[in-house]
Structure formats: structure tokens, C-alpha cells
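Thanks for coming, everyone. I'll keep this brief. Please look at the screen.

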Amino acid sequence: MKTYFSVYLSSTLKDLEAERQAVREVLNGFKTCKVIESYSADKRSVRESCLADVAECDLYIGILGGRYGYIQPGETDSITELEYNQASDK
């Protein structure tokens, strides 16, 4: 049995770091909350890693701003939009 709930924190990175940090600090104040962000080294692609983490989380928080986000070669949607769509499909 899980003793925590997982929260996926999504946004573009360069323009919303202060906002991400503020949300992260609030969430870290809850002992039963685990914040998930898919920006560390992983054998999977960024797309695969992010979408798998969103699919496994209990709660998705998207922080939206003025940037659309990174679009991987061959894709038409940004990673941020793909994360949002994955969360919306849950």
C-alpha cells in the first residue's frame, strides 16, 4: 500500500522556475506528498519518461505561462502539451 500521493509538476522550465519552486515548496510541506518531475537522466526519451511519469501520478499540476515548450524533432506538440494531454486522458 502506498503511503504517499504522487504529484507531477509540469511547466516550461526556463521561464517558470520561480513558480515551480514555489509550488514545490508548498507540496514538500506535506509529508505524504512526493513531487515528480521528469528532467533527470533516464534511459528513456524525454517524451517517454514524462508521459510514463504523468500516467503513474495521482495528481497533475500544470503551470502555464507565455512559452509553448520544447518540441522534439518529428513531433508537432511540445512536451508540456503532451504531458497535459496524457493527464487529461486519465
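Which residues do ring pairs link into a cluster? The residues are Tyr8, Tyr60 and Tyr84. Before the details, a caution: this is a predicted model.

Let's take the rings pair by pair. Searching the whole structure gives two aromatic pairs. One is Tyr8 with Tyr60: the ring centres are 6.3 Å apart and the planes sit at 5°, so this pair is stacked. Tyr8 belongs to strand β1 and Tyr60 to strand β3, so the pair ties together parts 52 residues apart in sequence. Tyr8 is buried, at a relative accessible area of 0%.

Next, Tyr60 with Tyr84. This aromatic pair is edge-to-face, with 65° between the planes and 6.5 Å from centre to centre. Here Tyr60 is in strand β3 and Tyr84 is in helix α3, so the pair ties together parts 24 residues apart in sequence. Is Tyr84 buried or partly exposed? Tyr84 counts as partly exposed, with 48% relative accessibility.

That brings us to helix α3. This helix covers residues 79-88, and its buried residues are Ile79, Thr80, Leu82, Glu83 and Ala87. Why do they line one face of the helix? Looking down the axis of α3, the buried residues fall within an arc of 160°, so one face is what they line. And what do they pack against? The buried residues of α3 pack against β1 (5-10), α2 (46-56) and β3 (59-62). Recall that β1 holds Tyr8 and β3 holds Tyr60.

Now to charges. Side chains of opposite charge can pair when their charged atoms come close. How many salt bridges does a search of the whole structure find? The search finds five. I'll cover some of them.

Start with a network. Salt bridges link Glu17, Arg20, Arg24 and Glu37. Within that group, Glu17 forms a salt bridge with Arg24, and their closest N and O atoms are 3.6 Å apart. The two partners sit on either side of the 20% cut-off for burial. Glu17 has 38% relative accessibility and counts as partly exposed. Arg24 has 14% and counts as buried.

Arg20 is buried, with a relative accessible area of 1%. Glu37 counts as partly exposed, at 26% relative accessibility.

Another salt bridge to point out: Arg47 and Glu75. Their side chains meet at 2.7 Å, N to O. Where are the partners? Arg47 is in helix α2 and Glu75 is in the loop between β3 and α3, so to speak two distant parts of the chain, 28 residues apart. Arg47 is partly exposed, with a relative accessible area of 30%. Glu75 is partly exposed too, with 26%.

To recap. Ring pairs join Tyr8, Tyr60 and Tyr84 in a cluster. Helix α3 packs its buried residues against β1, α2 and β3. Glu17, Arg20, Arg24 and Glu37 are linked in a salt-bridge network. Over to you for discussion.

Technical notes
Residues are numbered from 1 along each chain as its sequence is written. This is a predicted model: local features need pLDDT of at least 70, side-chain atom pairs count only at pLDDT 80 or more; totals for chains, interfaces and linings use all residues. Side-chain values use heavy atoms; hydrogens and water are left out. Buried means under 20% relative accessible area, exposed over 50%, partly exposed in between (1.4 Å probe, protein chains only). Helices (H or I, at least four residues) and strands (E, at least two) are DSSP runs, numbered from the N terminus. The arc is that of the directions from the helix axis to the C-beta atoms. Contact means heavy atoms within 4.5 Å. A salt bridge is a side-chain nitrogen of Lys or Arg within 4 Å of a carboxyl oxygen of Asp or Glu. Rings of Phe, Tyr and Trp (its six-membered ring) pair if their centres lie within 6.5 Å; planes under 30 degrees apart count as stacked, over 60 as edge-to-face and the rest as tilted.
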